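Subject: Structure for you to look at

Hello,

Here is the structure I said I would pass on. Please open it next to this message, and my notes follow below.

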Amino acid sequence: MPSKPINTYTVALMLSFTILVLFLSGFLEFPSLATSVRSARGPGISDAAAAPDPFTDLVGAFKKWDSRVGCARFRERHGGQLGNGFNRSASPSSSLQVGGDGESECRELQLSHVSVLVKGWTWIPDNLDNLYPCRCGLSCLWTKSPVLADKPDALLFETSTPPLLRRNGDPLRVYMDLEAGRRRSGREDVFISYHAKDDVQSTYAGSLFHNGRNYHVSSFKDNETLIYWSSSRCLPQRNELAKKLLKLLPHHSFGKCLNNVGGRDKALSFYPECANDASVTPKWWDHLHCTMSHYKFVLAIENTWTESYVTEKLFYALDSGAIPIYFGAPNVMDFVPPHSIIDGSKFSSMEELATFVKSLANDPVAYAEYHAWRRCGVLGNYGSTRATSLDTLPCRLCEFISKKGGRNARAL
């Protein structure tokens, strides 16, 4: 006897009942909102859904990450990014100038000693002045003293314009502009900027920008106030962006712009342990890193968003042990360690970004993974970023000048 056909309604009812039984028994699991958002931003190893855990102890978060994930798995995922900054193959990015074959480059040097005289007022710190032993047996004198460099091979100009003409036997003219526009003077023989396409690159990742600061890093992370922000140059576009995000998240704003802590220079009243020397009137930058370290996140917004213009705003946050929330250069990932920052431009809205930040703040394992690069020694392109910073500029510039012959170079 032929069987009776089962109607569509009956089939749908049976399938629904089967799915419900599997879900209740644990065979099926639907992803949480936090997991979905995190995965959309480039999932880390520890992307499994977790119950909210509003932690404050960073060391405790590290221990949980170690037990559930660990460096072996992180290195396996990012193992191709162990770059140290001195081998061209370690950094495939064209955003950074990195050293090539040492022997062939050494053969290009024409001088064994190069002296650079820095001319006029400049923000370049005085502690860069030194006699440097560089590779290939080259020595490099970098100084602001015309007495020490009485016959310099190059004159470096930063806030003033080089001379119009250069005759044979005169020092080479070097001009540096690290601002977003990177405008040449039109009179230089060598041009330094933040961009890899120019003669010599200098990133903002060096430590010489901030010698003498308090580098105490707190292991306590505030879970009530999630974000640190400080800006005293209140550009309309940057202010508007910051306002849209910060209204969605608990934060402290210590600068002139959008200040919500009762005035400027209030950081030491919040964190007295960040004071350097009680006998000296503190400047805001003296305790910048220490103050940042108490927060889980630091908002970093560039004045100008253009390729490769990644400034100290981002690197200060990385150095402080916070997670930067970054808005700026579209190729920022070429300059930072793997899985170390939140690129705000990758989110479809401020609401989505705020949801992700809140989720991360309540997940110690996922949060700790943003610090795995420094604990597991996986620097990626960051090694090259540091290797092309202001810290190494003297030797790299002297090498470039030596290859051109210094003051012996023919005038054009």
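**Disulfides**

Cys-71 and Cys-376 are joined by a disulfide, with 2.1 Å from S to S; a disulfide here is a pair of cysteine sulfur atoms within 2.5 Å. Before going on, note that this is a predicted model, in which local features need pLDDT of at least 70, side-chain atom pairs count only at pLDDT 80 or more, and totals for chains, interfaces and linings use all residues. Residues are numbered from 1 along each chain as its sequence is written, and side-chain values use heavy atoms, with hydrogens and water left out.

The torsion about the S-S bond of Cys-71 and Cys-376 is about -80°, so this disulfide is left-handed. Cys-71 lies in helix H4 (residues 71-78) and Cys-376 in helix H12 (residues 372-376), so the pair ties together parts that are 305 residues apart in sequence. Helices (H or I, at least four residues) and strands (E, at least two) are DSSP runs, numbered from the N terminus. Cys-71 is buried, at a relative accessible area of 19%, and Cys-376 is buried at 4%. Buried means under 20% relative accessible area, exposed means over 50%, and partly exposed is in between (1.4 Å probe, protein chains only).

How many disulfides are there by this rule? The count is 6. Another of them is formed by Cys-134 and Cys-395, whose sulfur atoms are 2.0 Å apart. The torsion about its S-S bond is -85°, and the link is left-handed. This pair connects distant parts of the chain, 261 residues apart: Cys-134 is in the loop between strand S2 (130-133) and strand S3 (139-143), and Cys-395 is in helix H14 (residues 393-404). Cys-134 is buried at 11% relative accessibility, and Cys-395 is buried at 18%.

Cys-274 and Cys-290 are also joined, at 2.0 Å from S to S. Cys-274 lies in the loop between helix H7 (267-270) and helix H8 (288-292) and Cys-290 lies in H8, so this pair ties together parts that are 16 residues apart in sequence. With -75° about the S-S bond, the link of Cys-274 and Cys-290 is left-handed, and both cysteines are buried. If you number the bonded cysteines of the protein chain in sequence order, the pairing reads 1-10, 2-4, 3-11, 5-12, 6-7, 8-9.

**The sheet and its helices**

Strands of a sheet pair through backbone hydrogen bonds, either parallel or antiparallel. In this model, an open sheet of 5 strands has the order S9-S8-S10-S11-S12, with parallel pairing. S9 and strand S12 (342-343) stand at the edges with a single partner strand each, so one side of each has no neighbour in the sheet. Two strands pair if DSSP finds at least two bridges between them; S10 and S11 run parallel and are joined by 5 bridges. Ile-301 stands opposite Phe-327 in S11.

Helix H10 lies across S8, S10, S11 and S12, and runs at about 170° to S11. For that angle, axes are lines fitted to C-alpha atoms (for helices over the stretch in contact), and angles run from 0 to 180 degrees between N-to-C directions. Contact means heavy atoms within 4.5 Å.

Which residues of helix H6 (residues 236-246) are buried? They are Arg-238, Asn-239, Leu-241, Ala-242, Leu-245 and Leu-246. These cover an arc of only 165° around the axis, which puts them on the same side of H6; the arc is that of the directions from the helix axis to the C-beta atoms. The face turned away from the buried side of H6 carries the exposed residues Pro-236 and Gln-237. Among the elements that cover the buried residues of H6 are strand S8 (222-229), strand S10 (295-301) and helix H10 (350-361).

**A buried serine**

Ser-308 lies in the loop between S10 and H9 and counts as buried, at 3% relative accessibility. Leaving out residues up to four places away in sequence, Ser-308 touches Ser-95, Tyr-194, His-195, Ala-329, Asn-331 and Phe-335.

**Aromatic pairs**

A search of the whole structure finds 16 aromatic pairs. One of them, Phe-347 with Phe-356, is tilted, at 5.5 Å centre to centre and 40° between the planes. Rings of Phe, Tyr and Trp (its six-membered ring) pair if their centres lie within 6.5 Å; planes under 30 degrees apart count as stacked, over 60 as edge-to-face and the rest as tilted. Phe-347 is buried at 9% relative accessible area, and Phe-356 is buried at 1%.

Regards
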